[in-house]
Amino acid sequence: MSEVRAQSDALVVFGFSGDLASKKIFPALYAMVKKGHLTVPIVGVASSKWDVDEWHRHVRESLMHEDHEGGIDDSAAFNRLLSLMNYVSGNYNDESTFTALKTALGDAQQPAFYLAIPPSLFATVIQSLGSAGLAQDARVIIEKPFGRDLASARELNAVAQTVFPESSIFRIDHYLGKEAIMNILYFRFANSFLEPVWNRNHIASVQVTLAEDFGVGSRGAFYESAGCLRDVVENHLFQVIALLAMEPPAFQSFEALHIAKASVLRAMRPLQPADLVRGQYTGYRTEKGVASDSDIETFCALRLFIDSWRWAGVPWYVRAGKQLPRSVVEVQVQMQPPPQHLFDDSGPAGGRANYFRFRLQPVAGIALAARTKRPGKEFVGSQHELYLGEDDKSEISPYERLLGDAMAGDRALFTDEDAVMAAWTVVEPALANHGAALPYEPGSWGPDEASALIAGDGGWHEPAPDTPPCKPGAP
């Protein structure tokens, strides 16, 4: 297969009529057109039998939906977007659909195919692209989840690599396109003060929380096929952990970054039943598309270990779930207390010693907690946070960034084959061998057993609803 050229000259969106396209892809494409970053043909593919007016209306209504805050604020850009678009209606299992797609692509020689479709259709579409002669010099962008376990991930990977070279396969995880996630990488390796303490000698534990204050909504049927562990932990949160725990990349390139991240995932100890707590919020079984006797977890808490020179013995606690008290994503890196208590309150029994805190959502920020002496004769202190916050409304969306990168052939923010397989290897033992999903009340932080998992390391840090959870004067 010949070398893939630098820039894709067309974008094909499979799943054009789906929720993902409506909520995320169309706003990203509209923003790219407004900025002049997207000028190539766009072809939508879906089963809906729409005429031109109908799919134009679908695009317009998607951009005007309340989920897309900006609406259509530039009619000229919107009209340019429509002028770039074409639509092919057809069944993904029908050869004629791909014949029609080939006609719609016209003179395009290096298209990018984005699979915003159910995972069960990934292999079918990829193989059909190959059979139709559409894969030559093309790229394929595959949505998560990439497989549902190690065996299916290997099978999908084998199918993809029979049609596309690895350099043309873009496994998309929109989390990697978030500014706050990228800032973890930058903060770690652009500042020399961090490296001397970023290891098992100075860090006691790490906590990662991804909380959502809503339920599964209309995604009940999908959640029944996935669950919390597959949906957000094995991909989103493992990628965050990899950025926090990786060694400095050996050189400046995406290959070096991928190698460093995959090394962390390969060093993770396979997850055992004793290190996993699964929960299910009360009322989940009455959601649309959910089985009345479902054992799918809507919450999970796990304890991980990374058996590397840097991290041996340091526990990593991960917690994620729906119907929790608030929607927030936060990392807390707990430092070891001073080795000698020169002051009675230097290691407060009711509080926490020094820590780094990374707020990833809803507002990005990085904080360092430190103790300072209170005015007066006594050597008594208070904990304060040195806080750097970001609230940049001009930030580009993850899908805007990642679609642009994929079309340019930049793989830095995508997941490679080694990382995907290593992540599934970690969770594989717990996918089949685990305890029952324990009930928890909506608005709580999950079942009590999740607190017992971390009790020996001071309990969970509960992210506050406001940006800095530690106010001056706190103990």
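Ser218, with a relative accessibility of 62%, counts as exposed, where exposed means over 50% relative accessible area, buried means under 20%, and partly exposed covers the values in between, with a 1.4 Å probe and protein chains only. The structure is a predicted model, in which local features need pLDDT of at least 70 and side-chain atom pairs count only at pLDDT 80 or more, while totals for chains, interfaces and linings use all residues. Residues are numbered from 1 along each chain as its sequence is written, and side-chain values use heavy atoms, with hydrogens and water left out.

Ser218 is placed in the loop between E7 and helix H8 (220-225); helices (H or I, at least four residues) and strands (E, at least two) are DSSP runs, numbered from the N terminus. Although Ser218 and Lys288 are 70 residues apart in sequence, their C-alpha atoms are 6.7 Å apart in space.

Ser205, by contrast, is buried, since its relative accessible area is 5%, and this residue belongs to strand E7 (residues 203-211). When neighbours within four places in sequence are left aside, Ser205 is in contact, meaning heavy atoms within 4.5 Å, with Val314, Pro315, Tyr317, Gln332, Val333, Gln334 and Asp457. Tyr317, one of these partners, lies in strand E10 (residues 315-321) and counts as buried at 3% relative accessibility. With neighbours within four places in sequence again left aside, the contacts of Tyr317 include Ser205, Val206, Gln207, Val208, Leu453, Ile454, Asp457 and Trp460. The C-alpha atoms of Tyr317 and Asp457 are separated by 9.7 Å, and the two residues stand 140 residues apart along the chain.

Two packed helices are described by the angle between their axes and the distance between the axes. Here the axes are lines fitted to C-alpha atoms, for helices over the stretch in contact, and angles run from 0 to 180 degrees between N-to-C directions. The axes of helix H10 (residues 254-267) and helix H12 (residues 417-432) come within 8 Å and cross at roughly 15°. H10 is therefore roughly parallel to H12, given that angles under 35 degrees count as roughly parallel, over 145 as roughly antiparallel, 65 to 115 as roughly perpendicular and the rest as oblique. H10 passes H12 in a left-handed crossing, a term for the near helix being turned anticlockwise from the far one by less than a right angle, with right-handed used if the turn is clockwise. On the H10 side Ala262, Leu265 and Arg266 take part, and they meet Asp418, Ala419, Ala422, Ala423 and Val426 in H12.

For helix H2 (residues 52-64) and helix H3 (residues 75-84), the axes come within 11 Å and cross at roughly 140°, which makes H2 oblique to H3. This crossing of H2 and H3 is right-handed, and the contact is made by Trp55, His56, Val59, Arg60 and Leu63 of H2 together with Phe78, Leu81 and Leu82 of H3.

The cysteines were examined for disulfides, a disulfide being a pair of cysteine sulfur atoms within 2.5 Å, and by this rule the count comes to zero. Cys228 is in no disulfide, and the nearest cysteine sulfur, that of Cys300, is 3.4 Å away, which is too far for a bond. Cys228 counts as buried at 1% relative accessibility, and Cys300 counts as buried at 0%.
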